[in-house]
Amino acid sequence: MKFERLPLLCLPTPCHCLDRLSEQLGAEIWIKRDDLTGYAGGGNKGRKLEYLMPSLLASGCDTVLTSGAMQSNFVRHLAVACAQLHLAAHAVLMPNPYEPGREAVGTVATVGGNRVLADLVGLTVHEVANGTWDELERETELVRAELEAKGARVEVVPLGGSSVAGAYGFYQAAQELPRAFDWVICPTSSGSTHAGLAAAFAESTTQVWGIAADPEPELADVVLELAQALEPGLKPEDIRLSTEFVGPGYGVPSEAGQDALSLLARMEGIFLDPIYSSKAFAGLLELVRRGEIGGSICFWHTGGFPGLFATPGTEGVG
Ligand SMILES: *Cc1c(COP(=O)(O)O)cnc(C)c1O
């Protein structure tokens, strides 16, 4: 499967060894710096956009609609790409959507952060009360109908840009790694980062291990389905996913994640984000300590820096 690419990022992103940390852990830890894509503030969502935007442009739409959590990094990225390409960008945002029965416990940061950047490029936000991901999808359909009733030609982009085209961005990105690693560790949430990498390394000795930032029970199935669209031979056992590092839930920082964030910043001068990459890095540290991974390990830094500057709102979620 091939997708047309619209070049937006400064590629390849750097990939380098974390010398101090490697010495301390007794394993060779490298980092793939997708926090440094040079686009829209950096992060993995730029990879997806390069392959999502061509079909949006080809559709002849004048309005792009997506949805997500208030601090979505994808919404920020999409808003920037739409501004550049003269498309109106709309997003339906919930403070912190959740799986039925699995609402995050704790304080959710909704104000500032990503919202500042998205506002700067003219995103129109439709704020809705907190609820489940399914409710968010229904709200998005209502907004689509409203926009269409006003004459807009609307295309809806899935949550987090998760689609086969989005996953293809990471299938391609895997080729940027400077050497063969024993392990590639990435955060997993909507699933297409993990899926693209799993597909890319299907025929190699490199094993991909995703660390869930989301307590969705079917997440491994979502990843498998996206990955199989790129590599039909992949089997369920090829998708390795840990769900034990989610902490208090999606969108709420975990204690281990915050410790990992602080450790990497102090030792290597690299900031992770509070919702995804810090939890994945905490997972990496723990898996190395337990001896479940070792040898040469590449951590895929997915960005999310603006989330560090988000603060709790007054709506009292969680
Ligand atoms: C969206 C996101 C992820 C998760 O990527 P998916 O492809 O949605 O699984 C990880 N880290 C950051 C910073 C993100 O914004």
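1. The largest nonpolar core comprises 38 residues; a nonpolar core is here a set of buried Ala, Val, Leu, Ile, Met, Phe, Trp, Tyr and Cys residues joined through side-chain atoms within 4.5 Å. Buried denotes under 20% relative accessible area, exposed over 50%, and partly exposed the range in between, with a 1.4 Å probe and protein chains only. Leu49, Met53, Val64 and Leu78 have the most contacts inside this core. Two or more residues each are given to this core by α2 (45-59), α3 (73-84), β4 (88-94), α6 (164-173), α7 (192-200) and α8 (219-230). The most comes from α3, with seven residues. Helices (H or I, at least four residues) and strands (E, at least two) are DSSP runs numbered from the N terminus.

2. The model is predicted: local features need pLDDT of at least 70 and side-chain atom pairs count only at pLDDT 80 or more, whereas totals for chains, interfaces and linings use all residues. Residues are numbered from 1 along each chain as its sequence is written, and side-chain values use heavy atoms, with hydrogens and water left out.

3. Strand β4 also belongs to an open sheet of four strands, in the order β6-β4-β3-β7 with parallel pairing; two strands pair if DSSP finds at least two bridges between them. One side of β6 (124-127) and one side of β7 (154-156) lack a neighbour in the sheet, because each of these edge strands has a single partner strand. From one strand to the next, the twist averages 25 degrees, with axes fitted as lines to C-alpha atoms (for helices, over the stretch in contact) and angles running from 0 to 180 degrees between N-to-C directions. The parallel strands β4 and β6 are joined by four bridges, and His90 stands opposite Thr124 in β6.

4. An open sheet of six strands shows mixed pairing in the order β1-β2-β11-β8-β9-β10. Its edge strands, β1 (15-17) and β10 (240-242), each pair on one side only. The average twist from one strand to the next is 25 degrees. Strand β9 (residues 207-212) runs parallel to β10 and is joined to β10 by three bridges; Ile211 has Ser242 in β10 as its bridge partner.

5. On the surface, Val116, Leu117, Leu120 and Val121 form a nonpolar patch with about 330 Å² of accessible area together. Accessible areas come from the Shrake-Rupley method with a 1.4 Å probe, and for residues only the protein chains shown count as cover. Patch residues have over 30% relative accessible area and no salt bridge, with like charges joined within 9 Å and nonpolar side chains (Val, Leu, Ile, Met, Phe, Trp, Tyr) within 5 Å; a salt bridge is a side-chain nitrogen of Lys or Arg within 4 Å of a carboxyl oxygen of Asp or Glu. Leu120 lies in helix α4 (residues 114-120) and is exposed, with a relative accessible area of 67%.
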